Amino acid sequence: MDIVGICGSLRGQSINRMLLNLAGDCLPAGATLHVCDWHEVPPFNADVMAQGLPASVSALRERIRQADAVIIATPEYNFSIPGMLKNAIDWVSRGDDQPLLNKPVAILSATPGPLGGARVQYDLRKVLLFMNAAVLVKPEIFVGFANQKFDAGGQCTDATTRGFVQAQMDALAVHVRRQQQLLKLA
Ligand SMILES: Cc1cc2nc3c(=O)[nH]c(=O)nc-3n(C[C@H](O)[C@H](O)[C@H](O)COP(=O)(O)O)c2cc1C
């Protein structure tokens with residue numbers, strides 16, 4: 001199972017990137033996470049798109065298309081989706097061949113504050129719903145006080161967080177298989 005990871009933060013020491021790495025560690029045998037570097041995706045501009053997709057956008061779309069599933073770990077910015085992430089999703093969303101169609105997606109979020117990104121997740125779900133992505137419903141993962149749950153090396157030090165992420169990755173593997181069976185029947 002080939003899984004692509006997208007971190008909603010571009011920051012080097014991102015706690016969401018640490019959370020994404022933890023998700024990768026929790027995948028079942030035979031599944032591998034490759035975290036995608038999408039920082040070169042330019043601001044969305046329909047005039048630019050009309051002249052052909054920028055290489056960074058094509059690469060992101062193709063990477064998602066090839067993957068069996070996508071894991072997005074993102075911070076919350078001002079109660080919503082970080083602008084750069086929303087921008088990248090907007091580029092991915094265009095056209096009948098948009099690669100998130102029917103694609104299994106798991107969402108996680110981490111914040112230093114108590115709520116763990118509860119609000120960003122519902123905005124992100126709404127956007128992915130419109131794109132007909134197959135977003136995993138449960139378990140939901142909101143990592144609050146996340147700064148206290150990862151060490152300086154980016155390793156998770158909190159057994160409860162690890163347990164939640166493990167449960168979500170187990171559910172994602174089942175969700176991917178179900179989605180693949182459904183698409184075969186369609
Ligand atoms: C522009 C901006 C807006 C933010 N808005 C929120 C917010 O609405 N809710 C929240 O819990 N944290 C908010 N934060 C704090 C982020 O959760 C915190 O910076 C977090 O570490 C970012 O994730 P990262 O470590 O993966 O980069 C905001 C941070 C920035 C830079």
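1. Contact here means heavy atoms within 4.5 Å. By that rule, and leaving aside neighbours within four places in sequence, Val 165 is in contact with Leu 19, Leu 22, Ala 23, Cys 26, Leu 108 and Ile 141.

2. A word on the basis. This is a predicted model, in which local features need pLDDT of at least 70 and side-chain atom pairs count only at pLDDT 80 or more, while totals for chains, interfaces and linings use all residues. Residues are numbered from 1 along each chain as its sequence is written, and side-chain values use heavy atoms, with hydrogens and water left out.

3. Now the largest nonpolar core. A nonpolar core is a set of buried Ala, Val, Leu, Ile, Met, Phe, Trp, Tyr and Cys residues joined through side-chain atoms within 4.5 Å. Buried means under 20% relative accessible area, exposed over 50%, and partly exposed in between (1.4 Å probe, protein chains only). The largest such core has 28 residues, and Leu 19, Ile 71, Val 165, Met 169 and Leu 172 touch the most other members. Two or more residues come from each of strand S1 (2–7), helix H1 (15–25), strand S3 (69–74), strand S4 (104–110), strand S6 (141–143) and helix H6 (159–185). H1 gives the most, with six residues. Helices (H or I, at least four residues) and strands (E, at least two) are DSSP runs, numbered from the N terminus.

4. There is also a second, separate core of 27 residues, which includes Val 41, Val 57, Ile 72 and Ile 107. In soluble globular proteins, nonpolar side chains tend to be buried together.

5. Look next at helix H4. Its buried residues are Leu 85, Asn 87, Ala 88, Ile 89, Trp 91, Val 92 and Ser 93. Their cover includes S1, helix H2 (46–50), helix H3 (55–66), S3 and helix H5 (118–130). After H4 comes Gly 95, with a positive phi near 90°.

6. Is Asn 87 buried or exposed? Asn 87 counts as buried because its relative accessibility is 13%. Asn 87 sits in H4, residues 83–93. Not counting residues up to four places away in sequence, Asn 87 touches Val 41, Pro 42, Pro 43 and Phe 44.

7. Ile 89 also belongs to H4. Its relative accessibility is 6%, so Ile 89 counts as buried. Beyond residues up to four places away in sequence, Ile 89 touches Leu 124, Val 127 and Met 131. Ile 89 and Met 131 are 42 residues apart along the chain, and their C-alpha atoms are separated by 9.7 Å.

8. Which residues are closest to the ligand? They are Ser 9, Arg 11, Ser 14, Asn 78 and Phe 79, among 13 residues that surround the ligand (a heavy atom within 4 Å). A polar side-chain atom of Ser 9 lies 2.6 Å from a ligand oxygen atom. For a side-chain N or O atom of Asn 16, the distance to a ligand oxygen atom is 2.8 Å. A backbone N or O atom of Ile 15 lies 3.0 Å from an oxygen atom of the ligand.

9. Some backbone details remain. Asn 78 is not a glycine, yet has a positive phi of about 50°. Asn 78 is in the loop between S3 and H4, and counts as exposed because its relative accessibility is 78%. The peptide bond from Lys 138 to Pro 139 is cis, with omega near 0°. Pro 139 lies in the loop between strand S5 (134–135) and S6.

How values were computed. Polar contact = N/O pair within 3.5 Å; in protein donor to acceptor, adjacent residues only side chain to side chain.
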